[in-house]
Amino acid sequence: MPLTLLTDCPPEWASENITFKQGQTQQTAEVVSKDGLMYIKYNALPDMGIIELSIESPVCIYDLDGNGSLDYGDIIILTENWLSETMPNNCDLNGDMRVDFADYTQFINFWTTEYGQ
Ligand SMILES: [Ca+2]
Ligand SMILES: [Ca+2]
């Protein structure tokens, strides 16, 4: 029998797509409001492993090493692909078939404006 669980929803998660994962099962969790508080609602199975709740990372294309955040590792990857014209290359952020200063500028702009808030 699945258990329907409610977990406190962090305010910044309320408008995100929340993914519920347990073993091989993956589903989109629902955010519900109860007594004025926000909860994440999902169905879990007893003894079926760790339950993971996560949100889609807003970092997307700029997370070059795919670790879910913008950090030094992404700059290293950008540097390693510097002046590469081998495509497809996820370091070619502006799509001009070359990894160069324009991509670096775009990366830094995103980091300092969108991400740095
Ligand atoms: Ca990263
Ligand atoms: Ca480019």
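Me: How many bridges join β3 to strand β4, and how do the two run?
Reply: In this predicted model, five bridges join β3 to strand β4, which covers residues 37-44, and the two run antiparallel. Within that pairing, Lys34 stands opposite Leu37 in β4.

Me: What do β3 and β4 form, and how many residues are between them?
Reply: They form a hairpin with two residues between them. Asp35 sits in the turn, and its phi is near 50 degrees, a positive value in a residue other than glycine.

Me: Is Asp35 buried or exposed, and why?
Reply: Asp35 is exposed, because 5 other C-beta atoms lie within 10 Å, and the limit for an exposed residue is 12 or fewer. Its place is in the loop between β3 and β4.

Me: Where is Asp47 found, and what is its phi near?
Reply: Asp47 is found in the loop between β4 and β5, the latter being residues 51-55. Its phi is near 60 degrees, a positive value in a residue other than glycine. Asp47 is exposed, because 4 other C-beta atoms lie within 10 Å.

Me: Back to β3, then. Which way do strand β2 and β3 run, and how many bridges join them?
Reply: Strand β2 (residues 18-22) and β3 run antiparallel, and five bridges join them. As an example of this pairing, Phe20 has Gln27 in β3 as its bridge partner. β2 and β3 form a hairpin with two residues between them, and Gly23 in the turn has a positive phi of about 55 degrees.

Me: How many residues of β3 are buried?
Reply: The count is one among its 10 residues, so strand β3 (residues 25-34) is hardly covered, given that a buried residue needs 20 or more other C-beta atoms within 10 Å. Ser33 has its place in this strand. Ser33 counts as exposed, because it has 10 C-beta neighbours inside 10 Å.

Me: How far is Ser33 from Cys9?
Reply: Their C-alpha atoms are separated by 9.5 Å, and the two residues are 24 apart along the chain.

Me: And Met38, which residues is it in contact with?
Reply: Leaving aside its neighbours within four places in sequence, Met38 is in contact with Cys9, Ala14, Val31 and Ser33. Met38 has its place in strand β4. The C-alpha atoms of Met38 and Asp8 are separated by 6.4 Å, although these residues are 30 apart along the chain.

Me: Why does Met38 count as partly exposed?
Reply: Met38 counts as partly exposed because it has 15 C-beta neighbours inside 10 Å. That value falls between the limits of 12 or fewer for exposed and 20 or more for buried.

Me: Let us turn to the whole chain. What does its secondary structure come to?
Reply: It comes to two helices and five strands. Read along the sequence, the pattern is β-β-β-β-β-α-α.

Me: Which domains is the protein chain divided into?
Reply: The protein chain is divided into domain 1 (3-55) and domain 2 (60-115). Their centres, taken over C-alpha atoms, are separated by 32 Å.

Me: What is the radius of gyration of the protein chain, against that of a compact globule?
Reply: The protein chain has 19 Å, whereas a compact globule of 117 residues would have a value near 13 Å. Along its principal axes, the C-alpha trace spans about 55 × 30 × 20 Å. Buried residues make up 12% of the 117 residues.

Me: Which residues are in the largest nonpolar core?
Reply: The seven residues are Tyr62, Leu64, Leu70, Leu78, Cys91, Val99 and Phe107. Leaving aside its neighbours within four places in sequence, Tyr62 is in contact with Leu70, Asp74, Phe107 and Phe110.

Me: One last topic. Is the peptide bond from Met87 to Pro88 cis or trans?
Reply: That bond is cis, with omega near 0 degrees. By contrast, most peptide bonds are trans. Pro88 lies in the loop between α1 (72-80) and α2 (101-115).

Terms used. Residues are numbered from 1 along each chain as its sequence is written. Chains are lettered from A and ligands numbered from 1 in the order in which they are written. This is a predicted model: local features need pLDDT of at least 70, side-chain atom pairs count only at pLDDT 80 or more; totals for chains, interfaces and linings use all residues. A nonpolar core is a set of buried Ala, Val, Leu, Ile, Met, Phe, Trp, Tyr and Cys residues joined through C-beta atoms within 7 Å. Two residues are in contact if their C-beta atoms, placed from the backbone, lie within 7 Å. Helices (H or I, at least four residues) and strands (E, at least two) are DSSP runs, numbered from the N terminus. Two strands pair if DSSP finds at least two bridges between them. Domain bounds come from an automatic or database domain assignment. The radius of gyration is taken over C-alpha atoms; the globule rule is 2.2 Å times the number of residues to the power 0.38.
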